[in-house]
Amino acid sequence: MTPREKDFHAVTNRKEQILDAAASLFANNGYYKTTTGMVAAEVGVTQPYVFHFFKTKEGLYLAVLERAQKRLMHAFSTVEAPPEFLHHQMGNAFNELMATHRDETLLCMQSYTTPEPNVREIVKQRFAEVHQVIAERFDRAGIPNPSQQASTFIACGMVITMSEILQLPVLADLGQLGLTEK
């Protein structure tokens with residue numbers, strides 16, 4: 001690896017570290033209580049270094065959401081399962097994201113509560129995209145009422161998110177509703 005390639009990878013790695021730290025802080029403290037100074041301190045860099053990559057706190061927040069939404073879309077788009085198990089396998093994909101990228105996934109699922117107009121509009125678009133991908137997957141699988149089923153699927157994700165945030169596992173017992181495998 002050339003020195004230039006090493007520098008590129010170091011910068012890329014540092015940017016990912018900033019995104020990871022921001023995801024954790026935003027998920028645990030919220031948009032308003034998280035500062036770029038807190039993110040910088042978590043990573044061990046200066047605040048101007050954070051601003052080198054992300055011009056504003058809102059830009060950093062949106063970058064974290066964008067990365068989370070891409071992971072979510074990829075997970076839902078790549079699930080392979082027969083129609084009768086598609087809901088379950090997509091639910092398993094969501095649960096896997098919760099296990100591997102908890103803060104990022106929680107932030108994505110609760111981002112609609114951030115009242116900043118630009119954030120709210122982007123989150124609205126992203127949720128519409130996720131709904132569309134899920135509905136299209138269900139439609140291709142021949143699942144009746146794919147749009148309604150996609151809404152129900154997203155609602156289950158919201159309940160799982162609430163359960164995780166409140167540390168109230170009984171909320172996420174979706175098996176009793178026949179929405180997950182037992």
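Which residues of α5 are buried? The views below take up that question and a few others, using a predicted model.

**View 1. Helix α5 and its buried residues.** Leu-86, His-88, Met-90, Gly-91, Ala-93, Phe-94, Leu-97 and Met-98 are the buried ones in α5. They pack against α4 (57–78), α6 (102–110), α7 (117–140) and α8 (146–166). As for spacing along a helix, an α-helix has 3.6 residues a turn, so residues three or four places apart point the same way.

**View 2. The span of α5, end to end.** Helix α5 covers residues 83–100, which is 18 residues. At 1.5 Å a residue, α5 should span 26 Å, and that agrees with its end C-alpha atoms, which sit 26 Å apart.

**View 3. Helix α4 alongside α7.** The axes of α4 and α7 are 10 Å apart, and the helices pack at an angle of about 5°. Because angles under 35 degrees count as roughly parallel, that makes α4 roughly parallel to α7. On the α4 side, the contact includes Tyr-61, Leu-65 and Phe-76; on the α7 side, Ile-122, Val-130 and Arg-137 are among the residues taking part. Sort the residues of this contact and you get twelve nonpolar, four polar and five charged.

**View 4. Aromatic rings that pair up.** The model has nine aromatic pairs. One of them is Tyr-31 with Tyr-32, an edge-to-face pair at 5.1 Å centre to centre, with 85° between the planes. Tyr-31 is buried, at a relative accessible area of 10%. Phe-53 and Phe-54 have ring centres 6.3 Å apart and planes at 50°, so this pair is tilted. Both of these Phe residues are buried too.

**View 5. An aromatic cluster.** Phe-26, Tyr-31, Tyr-32 and Tyr-61 come together as one aromatic cluster.

Note on methods: Residues numbered from 1 in each chain as written. Predicted model: local features only at pLDDT ≥ 70, side-chain atom pairs only at ≥ 80, totals over all residues. Heavy atoms only, no water. Helix = DSSP H or I, 4+ residues; strand = E, 2+ residues; numbered from the N terminus. Expected span 1.5 Å × (residues − 1). Buried < 20%, exposed > 50% of the residue type's maximum accessible area, 1.4 Å probe, protein only. Contact = heavy atoms within 4.5 Å. Axes fitted to C-alpha atoms, helices over the stretch in contact; angles between N-to-C directions. Parallel < 35°, antiparallel > 145°, perpendicular 65-115°, else oblique. Nonpolar A, V, L, I, M, F, W, Y, C, P; charged D, E, K, R; others polar. Phe/Tyr/Trp six-rings, centres within 6.5 Å; stacked < 30°, edge-to-face > 60°.
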